[in-house]
Amino acid sequence: MRIGIVNDLALAVEALRRALSQRSDHTVVWTARSGEDAVVQCARNTPDLVLMDLVMPGMGGVEATRQIMARSPCAILVVTASVGGNAPLVFEAMGHGALDATDVPALGSDAPGAADGLLAKIDLIGRLIGDRPARAPRMPTRRAGNGERLIAIGASAGGPAAVAEVLGGLPAGFPAAIAVVQHIDEKFAGSMAEWLNRYSPNPVRLARPGDGLVAGEVLLAATNEHLVLTPEGVLDYTAEPKEQPYRPSVDVFFDSIAERWPGPIAGVLLSGMGRDGASGLLGLRRKGHPTIAQDRATSAVYGMPKAAAELGAAVDVLPLDRIAARLRVLFGDLRSASQ
């Protein structure tokens, strides 16, 4: 993988070089000491992956991520001294298209496995970049029975801000349960739930094993295992399928609710790299549920929604600012929706 490093600290750059040197298939194609330099370097020589710091003199990593994704898009992994200490900036960068975040490996650490976390995330991104199109679909057949309503949202790169906007457009006490599967490391899931609570009129919390989905509450997938709805009608986590590169997987969750949720479901697939969620959304549509994909113009990364559109999985392909209104029409107060 061809990799660009953006960091103003020489020690951090050296630590990243040493970590990447453990793998012969990774090559550092350039380094940049500021966001401005990174934007220029990406335009001249777009790498497969950028390792982006957040706090730098001049243009920081959030704005650099936004400009790179607009001008010369490529995969971006936030790698900074303290992800936990910069959680709001991490979510802002992910809102502009960064895929994930991790800490800089400590320079001078000779402990085996010191760089394993970073290299594992790079491996996962490599699999996302290498995704191939799925087979063409068959058309939907029938609708599920009546019962409690459920909104199921899947998102990845660019997803946090998109999820926040959708949740912010649903009034308090919304008459549907809401579940969100966002590709994010479990270390940051709690911070993301807290952050989403700033925007959502309905309370947001992490989903726990045994939780039921109830109207007016938002549950966010909380671990690196897959969130599923069990045959008993409660949430749980599972390591299977282990070969699934996306963790937690939107497809795995969508498949479980398509099989087991007794009432109407609205499936929503937002900004993200790769194809996760597309086949799951198609499964929902095949059972007659309304399905929505974010459109190209408003997606920070038009990968997952594009895959859904290509599969014919989305009944509606909508700009981000119309998705909450559509959900209100489907499941909420018709008088409050305006399109």
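**A walk through loops and helices**

P241 sits in the loop that links β11 (235-238) to α8 (250-260). Helices (H or I, at least four residues) and strands (E, at least two) are DSSP runs, numbered from the N terminus. This is a predicted model, in which local features need pLDDT of at least 70 and side-chain atom pairs count only at pLDDT 80 or more, while totals for chains, interfaces and linings use all residues. Residues are numbered from 1 along each chain as its sequence is written, and side-chain values use heavy atoms, with hydrogens and water left out.

Most peptide bonds are trans. The bond from E240 to P241 is cis, with omega near 0°. R247 and P248 are also joined by a cis peptide bond, with omega about -5°. P248, too, is in the loop between β11 and α8.

Now go to helix α1 (residues 10-20). Its residues A12, V13, A15, L16, A19 and L20 are buried. Buried means under 20% relative accessible area, exposed over 50%, and partly exposed in between (1.4 Å probe, protein chains only). Viewed down the axis of α1, the buried residues fall within an arc of 160°, so they line one face of the helix. The arc is taken from the directions that run from the helix axis to the C-beta atoms. On the face turned away from the buried side, α1 carries the exposed residues A10 and L11.

S34 counts as buried, at 17% relative accessibility. A polar atom of its side chain lies 3.1 Å from the backbone nitrogen of D37. S34 also touches V6, M56, P57 and M59, leaving out residues up to four places away in sequence. Contact here means heavy atoms within 4.5 Å.

In α2 itself, G35, A38, V39, Q41 and C42 are buried. They cover an arc of only 165° around the axis, which puts them on the same side of α2. What covers these buried residues includes β1 (2-6), β2, β3 (49-52) and α3 (61-71). The face turned away from the buried side carries the exposed residues A43 and R44.

Next comes a pair of helices. Two packed helices are described by the angle between their axes and the distance between the axes. The axes of α6 (residues 159-168) and α7 (residues 186-196) come within 10 Å and cross at roughly 35°. Axes are lines fitted to C-alpha atoms, for helices over the stretch in contact, and angles run from 0 to 180 degrees between N-to-C directions. The crossing of α6 and α7 is right-handed, meaning that the near helix is turned clockwise from the far one by less than a right angle. Which residues of α6 meet M192, W195 and L196 in α7? They are P160, A161, V163, A164 and L167.

Look at W195, in α7. W195 is buried, with a relative accessible area of 9%. Not counting residues up to four places away in sequence, W195 touches F91, P160, A161 and A164. W195 and A87 are 108 residues apart in sequence, yet 9.0 Å apart in space, C-alpha to C-alpha.

End at Y199, in the loop between α7 and β8 (204-206). At 41% relative accessibility, Y199 is partly exposed. Beyond its neighbours within four places in sequence, Y199 is in contact with A164 and G168. Its C-alpha atom is 8.9 Å from that of G169, 30 residues away along the chain.

Terms used:
Polar contact = N/O pair within 3.5 Å; in protein donor to acceptor, adjacent residues only side chain to side chain.
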